[in-house]
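Subject: Structure handover

Dear colleague,

Here is the structure for your files. My notes come after it.

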Amino acid sequence: MEIKHIINGEYVNGLSFQVQSPFAQLSYSMKLPRLRASEAEYALDAIKQAEIPSLNERRNLLHALANYQPSQETLHAICMMTGSPISIVKERMNEGKALVHTLADKEQVYEGRKKTMFVAIPSNDPREAFYFTAHALLAGAPTILKPSKREPILATDLVSHLLKNGVSPGFINVIYGDSSEKEDADLLRKIVESIDVPIVMGDAKISERQITFNADHSRGLILDSAMLAEHARYSIEAP
């Protein structure tokens, strides 16, 4: 399978690198795009110029996100790259969609502000891709998502789904890059330092200004809708 950046509503590809499933018994690999200077600048320009969808448009997009249905190819790729059984992947996707339904139904949608977000999404839990994609819609904040190369497909699939449902080009972008290569790593750091709100899930340190979420907190958000609403309010308003 070959994955591309999604920048300003366009599928962008250039140089690529191969990512192999880390599980020796699973013979599976994906091609991901490296990050070049032109693509980094394009992504930053896209979020600066992006049109923020209206409150009603973002509510509708939240409902569309909650109704996302993965293809068999997507499910297979996630299972092969993470080693998770398909039953667990489906269960966590359903929990992620239920989380988005909660946000949409409670109308925890804020007036859009021209703050930009960068989110580093981990590979171990499909719920995170739903939460952070929904987060951009909640906040009305033009966003760049950076999925892990260990599980790169779900975020791309979710943003593709939102584009089909009318999200503004450039409002949510997905980029990749091979962080083991100095050029890619330097460009990712440049993007992070150009963003108003960098968000990281886990222990990674990408910026002195980052907001860090942890897995236990995220599990609590999924199980407790009152906690979710309060956390969304804090993490959107505090930065």
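This is a predicted model: local features need pLDDT of at least 70, side-chain atom pairs count only at pLDDT 80 or more; totals for chains, interfaces and linings use all residues.

Residues are numbered from 1 along each chain as its sequence is written, and side-chain values use heavy atoms, with hydrogens and water left out.

Overall. The protein chain has 9 helices and 9 strands; these are DSSP runs (helices H or I, at least four residues; strands E, at least two), numbered from the N terminus. Of its 239 residues, 53% are buried. Here buried means under 20% relative accessible area, exposed over 50% and partly exposed in between, with a 1.4 Å probe and protein chains only. Contact means heavy atoms within 4.5 Å. Among contacts between residues at least 6 apart in sequence, 76% join residues at least 24 apart.

His 5 lies in strand E1 (residues 5-7) and counts as buried because its relative accessibility is 0%. Its side chain makes a polar contact of 3.4 Å with the side chain of Glu 39. A polar contact is a pair of N or O atoms within 3.5 Å; within protein, one must be able to donate a hydrogen and the other to accept it, and residues adjacent in sequence count only if both atoms are side-chain atoms. Leaving aside neighbours within four places in sequence, the residues in contact with His 5 include Tyr 11, Leu 35, Glu 39, Val 174 and Tyr 176. Asn 8 sits in the loop between E1 and strand E2 (10-12). Although Asn 8 is not a glycine, it has a positive phi of about 55°. With 28% relative accessibility, Asn 8 counts as partly exposed.

In strand E5 (residues 117-121), 4 of the 5 residues are buried. E5 runs parallel to strand E6 (residues 143-147), and 5 bridges join the two; strands pair if DSSP finds at least two bridges between them. Ile 121 stands opposite Pro 147 in E6. Leu 99, in helix H4 (residues 86-105), is buried at 4% relative accessibility. Leu 99 and Tyr 131 are 32 residues apart in sequence, and 7.3 Å apart in space from C-alpha to C-alpha.

Cavities and pockets. On a 1 Å grid over the protein atoms alone, a cavity is a set of points where a 1.4 Å probe fits but cannot get out, and a pocket is an open set with protein on both sides within 12 Å along at least five of seven lines; lining residues have an atom within 4 Å of a point. The whole structure holds 3 cavities of 30 Å³ or more. The second largest cavity has a volume of about 50 Å³, a volume being the space filled by probe spheres set on the points, which are joined across faces, edges and corners. Among the residues lining this cavity are Ile 121 and Pro 147. Helices H5 (126-139) and H6 (153-164) each supply at least two residues of its lining.

The second largest pocket has about 170 Å³ of space. Its lining includes Met 1, Tyr 11, Glu 73 and Asp 157, and H6 gives the most to it, with 4 residues.

Regards
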